[in-house]
Amino acid sequence: MDEEEIEKAVVAYLKKKGFKQTELAFQEEQQLNKNTNSRLDPDITKKILSFSEFETGPERYQEEYSKLRSWAYSSLDLYKHELLRVLYPVFIHCFMELVARGHIQEARAFFDSYREDHEMMHLRDLQKLEGVLSPSHLKEMEFAHSIRLSKVNIKMCQYSYDLLLQYLHKTESITMLGIINERINFQVSPGQPGSISDDAEVVTLVGSGPDASLLNQKEIHWGLLEDSLEERLEKTGGMVPDSEKFDGDPKEGEVDENKKSVEGGKQGASLKKQKKDKVGVATGKSSRTEGSTVTTAPRVKSELALPAIPAEVEHSILEDLRNRVQLSNVALPSVSFYTFVNTHNGLNCASISHDGSLVAGGFSDSSLKVWDMAKLGQQTGPSFLQGETDSPSSEHVLGSSGGRRCYTLFQGHSGPVYSASFSPYGDFLLSSSSDSTIRLWSTRLNANLVCYKGHNYPVWDVQFSPVGHYFASCSHDRTARIWSMDRIQPLRIMAGHLSDVDCVQWHANCNYIATGSSDKTVRLWDVQSGDCVRIFIGHRSMILSLAMSPDGRYMASGDEDGTVMMWDLSSGRCITPLVGHSSCVWSLAFSGEGSLLASGSADCTVKLWDVTTSTKAPLKEENKPGINNRLRSLKTLPTKATPVYALRFSRRNLLFAAGAFSKGA
């Protein structure tokens, strides 16, 4: 091998390790050597070549990973669970490095030898990586490409971190050290190792942006809007004079609150929660208020210009709030379930208005249908929602039983409809589709008003804000967007997720939105700046549903595996997991006062969880080892064979649910 090939080998090594200054110095020296006709020593040449082959040989990955694995498994039990966290990211990057270098057979043998170690925690990821069979696949496959461009965050105590570095240097595991140095960000904490129960949230892809720990240090103004309708109800003991109710146009702050109260599951919830706090204050004891944070929830200003609310709508909302049923672990809600029949697997989504009077369904044939419960109630027989589309131009369709079924058909999309969302007052309906558009419909005019174009790929979810007028959407293009009804272009674009953004949810004060993604993370975004202010890590599969507590302090997220997690927005930490569902969690909803959480799943059940007790206990005991902080399940409500598509607490705390009957469920 001549000097030119040796020079290329050295330059390639320096580039791989990122030694840019050394590379420049080496090239300058080589140029000087060429000018002086100097020759390299043959012994040095041999050493350089042997080192290059030793460093890049495919057997090095297998050998060093095997030794690292054996060392980690044989470590002291106190540190073992933290050291084992390093193996998964090292494993997948060893595999992809082998593929990138063209060692396909060695890569497959390596993958098959050690995949069993990681199947329990990362089965879906491994199934995707099975399809990587050539270097080109690393660029073409979205998942593999994202991993190659991202770093992994690993939480570890100082002792475990020192042990790992000591091992790598002592054994001269250059290949493993290089991968760990390039692909892993360690979040080292002082003291003893953390609990094994924390393992779910200690390893995650974070992308090329700011570190998750830095993002989660930003201040969050999670409280309710100041001078809100809830506050007015509290101050007046729940009674508002008629003169105040119809006293012309409400103030901007009132409008905001009013509108906010309008939103059943989120805003109305806040209203109820504040009302509940008022009761706690009146009794002079905080036993009940302790579990509920409404009374202590700070008040914040809105970052959005809030729309006005009609006086008659405000009156209706106040009436609902005064008649709201107080729910608790001993006072569970009544449930009304709407079942779609004869949908022939064509129903993709369902949505329920805030008072339960309207139910919408989005179908694979690109149609959107809305049922008026008042019209259904006038008929005899059970209130089943027919999904037949034999006569698309007709508003009335006969069911199989011969009874007339009334619905309004909205047509306009050119692809399957994946999401629908009613405005807080029920006068508008949003829908999103695989045709990459969002459409605004009037439920009064029964017509399409606007078609919003901005996303480049299918739009998986769209949600009205608690005050109406504004809405958020999320898409396969990995972005979420903020819109207003009066503009055809988005106001903000939130980019940062590493995969599809599958669901979106507004915060109770409208200053933030949360997004759940297939990258297994939930992010919280500032609506005004468009910046990500929180990353929530812990899910082991794609996130399918989100819900915000009425006081804005907590968030719940549900994933494909059936796990639901409760998060504290201030700290960004998971305060308690909810374990019980056996399949995808498609919908979540907080009760009006925030004491209960309802979860609807593909396992054909609705579960009710005690939020107040469960969020209080972990705060006191989170630092104690061995504490099993799990939300207390109050009741499981099974359906016969109907997966639960949607949940909604009305402003009076009646729980509505909807789903499509499935014989195979």
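Author: Start with strand E35, residues 655–660. The model is a predicted one. E35 is mostly covered, with six of its six residues buried.

Reader: Which residues point which way from E35?

Author: Leu655, Ala657 and Gly659 point one way. Phe656, Ala658 and Ala660 point the other way. All of them are buried. In a regular strand, side chains alternate between the two faces of the sheet.

Reader: Which strand runs parallel to E35?

Author: Strand E6, residues 335–341. Six bridges join E6 to E35. Val335 has Leu655 as its bridge partner in E35.

Reader: And how many bridges pair E34 with E35?

Author: Five, in the antiparallel sense. E34 covers residues 644–649. Val644 stands opposite Gly659 of E35.

Reader: What do E34 and E35 form, and what is in the turn?

Author: They form a hairpin, with five residues between the two strands. Asn653 sits in the turn and has a positive phi of about 75 degrees.

Reader: New topic. Thr521: buried or exposed?

Author: Buried, because its relative accessibility is 2%, and the cut-off for buried is under 20%. Thr521 belongs to strand E24, residues 521–526.

Reader: What does the Thr521 side chain touch in the way of a polar contact?

Author: The side chain of Asp519, at 2.7 Å.

Reader: What sheet is E24 in?

Author: An open sheet of four strands, ordered E22-E23-E24-E25, with antiparallel pairing. Strands E22 (501–506) and E25 (532–537) stand at the edges. Each has a single partner strand, so one side of each has no neighbour in the sheet. From one strand to the next, the twist averages 20 degrees.

Reader: How many bridges between E24 and E25?

Author: Five, and the pairing is antiparallel. Val522 stands opposite Phe536 in E25.

Reader: Now helices. At what angle do H11 and H12 pack?

Author: About 140 degrees, with the axes 8 Å apart. H11 is residues 158–170 and H12 is residues 174–183.

Reader: Why call H11 and H12 oblique?

Author: Their angle is about 140 degrees. Roughly antiparallel needs an angle over 145, so H11 and H12 count as oblique. Their crossing is left-handed.

Reader: Which residues meet there, H11 to H12?

Author: From H11, Leu164, Leu168 and His169. They meet Met176, Leu177 and Ile180 in H12.

How values were computed: Residues are numbered from 1 along each chain as its sequence is written. This is a predicted model: local features need pLDDT of at least 70, side-chain atom pairs count only at pLDDT 80 or more; totals for chains, interfaces and linings use all residues. Side-chain values use heavy atoms; hydrogens and water are left out. Buried means under 20% relative accessible area, exposed over 50%, partly exposed in between (1.4 Å probe, protein chains only). A polar contact is a pair of N or O atoms within 3.5 Å; within protein, one must be able to donate a hydrogen and the other to accept it, and residues adjacent in sequence count only if both atoms are side-chain atoms. Two strands pair if DSSP finds at least two bridges between them. Axes are lines fitted to C-alpha atoms, for helices over the stretch in contact, and angles run from 0 to 180 degrees between N-to-C directions. Angles under 35 degrees count as roughly parallel, over 145 as roughly antiparallel, 65 to 115 as roughly perpendicular and the rest as oblique. A crossing is left-handed if the near helix is turned anticlockwise from the far one by less than a right angle, and right-handed if clockwise. Contact means heavy atoms within 4.5 Å.
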